[in-house]
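This report describes the fold, the domains, the core and the ligand surroundings of one protein. Please keep the sequence and the structure in view while reading.

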Amino acid sequence: MRKVVVVGGGISGLAAAYQLLTNGYDVSVIEASPAIGGKISTVEIAGVPIDGGPDAFLVREPEMKELCSSLGVADELVAPVSRSAKIWVDGSMQALPKSQFLGIPLDLDELSSLNLISPEGIAIAQNDLTAIDNARDGDETVGSLIRRRLGHEVMEKLVGPLLGGINAGDPDKISLKSGAPYLASAASLDHSLIRSIQKFIRASNRNPETPVFLTHPEGLGTVVDALGKELEGNVILNERIQSVHAKDRQWILEGQKGSYEADSVILATPSYISGSIIETTNGKIANLLSNIKYASMAFALFAFPSKEIRPFDGSGFLVAKSEGLLMTACSWSSSKWKHLGDKEATFVRVSAGRADDDRAFNIDNEELTSTLLKELSQIVDVQATPMDSQVIRWPKSFPQYEIGHSNKVNRIQKLLRDKAPGIFVAGAAFNGLGLSACIRDGKVNAQRAESYLGTVN
Ligand SMILES: Cc1cc2nc3c(=O)[nH]c(=O)nc-3n(C[C@H](O)[C@H](O)[C@H](O)COP(=O)(O)OP(=O)(O)OC[C@H]3O[C@@H](n4cnc5c(N)ncnc54)[C@H](O)[C@@H]3O)c2cc1C
């Protein structure tokens, strides 16, 4: 039987391995850390499971829900009970417009009634409805689209914080086509951005009752546990792969503890690690992989005594960059999720760090926690001492899809086919970083490995 080795037991690698195993292949997952799951990591705070990585997935992309169905956990999934986020900007907490799409305001009368954008800023945004088509040729950044149609203020106070929060990135550097393909599609129907999105929403005919996000009440680690059971006996933990080279029409992976033979390899590690593993086989591929930039971020998870803290009206808030705070966003988990409400503890997840801001990584956990607590006390008047807290750091964790990203990915794929046939790369660095996109990429590369194995003797 042909042997496939998947390096990296995050959701991309696990999805690839699960498909290969289901299709009857001999597959091993080699994972450097003591547990599978990668960025999916459920921890305990005050005795309650809380996600310390992704805490929900988008329903409009089907792969994560489908995976949950095939693992028998889909019926347990829950939707947020509060969807209304706020934004801390100009030193005050403001509601986001109800009529908005990824932060892009769709009703300028509603926007005028809020205390968020100045009358001058709204007048500039109003031009979008009448101004001529000023589309850029080729790919542009998300920031470029928003600034040229709606102005700088809407970008900096509304869309930037919202979109920047999704990948800890700088929207002025993120490619619209690769980094925000859903927005790129929604923006392609009219030269007025607002009208285009309105048309897109009408055409998609979405039922407003359908939840946008889902999660598992015991944490997304439950999905990883279920995958782990399916893959039992096929996972090697605590083994860090360092290089790969060809020998007698096979690939040999060198780990810290041993060597592993494979007819095909799927590298499902962060791209800079995949780059270092493939270096010995092909320097050009290694360079391209290592050149994909990543942003770092950290979460501080807090459990406050519920008796000593006022409930927050909403699912959480974003913080505009102009405020200069360490905190970039705060998810009020106890308001957002029913299963975390009405408990002795109130759970709050605070984020810090983004593409151009590594301050959270230059201070230790104690200083990070105390600074974030001080900011919480200033912004939302939280004076209580936490019953429990934990800092979870995610260095180099959010790939940044900058202009030219899709060309780079195509070049990597072509070079792999030509120079390292049988080796494939999968994961958040390539075709989307949300959980469903990672699962899709894992499965696409499992399929590529199967096709490759069908062509070699
Ligand atoms: C903090 C945070 C919050 C997020 N929130 C959300 C969210 O709410 N919703 C959503 O849809 N997405 C979210 N994302 C994005 C999503 O979680 C990730 O893009 C996705 O989980 C990445 O999966 P992956 O398998 O590609 O990579 P990873 O999860 O990084 O897995 C790679 C694996 O490779 C292993 N590894 C590394 N080096 C080696 C080696 N040399 N040998 C063997 N193994 C190795 C690592 O230990 C790891 O287990 C979030 C991401 C982060 C970082």
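Two residues are in contact if their C-beta atoms, placed from the backbone, lie within 7 Å. The model discussed here is predicted.

## Overall fold

Of the contacts in the protein chain with a separation of 6 or more, 70% are between residues 24 or more positions apart. The secondary structure of the chain consists of 16 helices and 21 strands. The radius of gyration is 23 Å, close to the 23 Å that the globule rule gives for 457 residues, so the chain is as compact as a globular protein of that length.

The C-alpha trace of the protein chain spans about 70 × 55 × 40 Å along its principal axes. Among the 457 residues of the chain, 47% are buried.

## Domains

The domain assignment divides the protein chain into domain 1 (3-36 + 231-293 + 401-455), domain 2 (59-67 + 74-81 + 294-399) and domain 3 (95-204). Domain 1 and domain 3 have C-alpha centres that lie 36 Å apart. Where these two domains touch, 6 residues of domain 1 are in contact with 9 residues of domain 3. On the domain 1 side there are 3 nonpolar, 2 polar and 1 charged residues.

Ile403 lies in the loop between strand 20 and helix 15 (405-419). Is Ile403 buried, exposed or partly exposed? A residue is buried with 20 or more other C-beta atoms within 10 Å and exposed with 12 or fewer; Ile403 has 18 such neighbours and therefore counts as partly exposed. Apart from residues up to four places away in sequence, Ile403 touches Asp139, Thr141 and Ser175. Ile403 and Lys173 are 230 residues apart in sequence, yet their C-alpha atoms are 7.1 Å apart in space.

In soluble globular proteins, nonpolar side chains tend to be buried together. In this model, the largest nonpolar core has 132 residues, and those with the most contacts inside it are Val6, Val7, Val265, Ile266 and Val350. Strand 16 (residues 294-305) gives the most to this core, contributing 9 residues. Leaving aside residues up to four places away in sequence, Ile266 touches Val4, Val6, Gly13, Ala16, Phe424, Ala426, Asn445, Ala446 and Ala449.

Val4, one of the residues that Ile266 touches, belongs to strand 1 (residues 3-7). Val4 is buried because 27 other C-beta atoms lie within 10 Å. Beyond residues up to four places away in sequence, the residues that Val4 touches include Leu20, Tyr25, Val27, Ala262 and Ala449. Val4 and Leu453 are 449 residues apart in sequence but 9.2 Å apart in space, C-alpha to C-alpha.

## Around the ligand

Which residues come nearest to the ligand? Of the 35 residues around the ligand, these are Gly8, Gly10, Gly38, Pro54 and Gly427. The elements that give two or more residues to this shell are helix 1 (11-22), strand 20 (388-399) and helix 16 (435-455).

By residue type, the shell around the ligand divides into 19 nonpolar, 12 polar and 4 charged residues. Domain 1 and domain 2 each supply at least three residues to the shell.

Methods
Residues are numbered from 1 along each chain as its sequence is written. This is a predicted model: local features need pLDDT of at least 70, side-chain atom pairs count only at pLDDT 80 or more; totals for chains, interfaces and linings use all residues. A nonpolar core is a set of buried Ala, Val, Leu, Ile, Met, Phe, Trp, Tyr and Cys residues joined through C-beta atoms within 7 Å. Helices (H or I, at least four residues) and strands (E, at least two) are DSSP runs, numbered from the N terminus. A residue is near a molecule or strand if its C-beta atom, placed from the backbone, lies within 6 Å of it. Ala, Val, Leu, Ile, Met, Phe, Trp, Tyr, Cys and Pro count as nonpolar, Asp, Glu, Lys and Arg as charged, and the others, Gly among them, as polar. Domain bounds come from an automatic or database domain assignment. The radius of gyration is taken over C-alpha atoms; the globule rule is 2.2 Å times the number of residues to the power 0.38.
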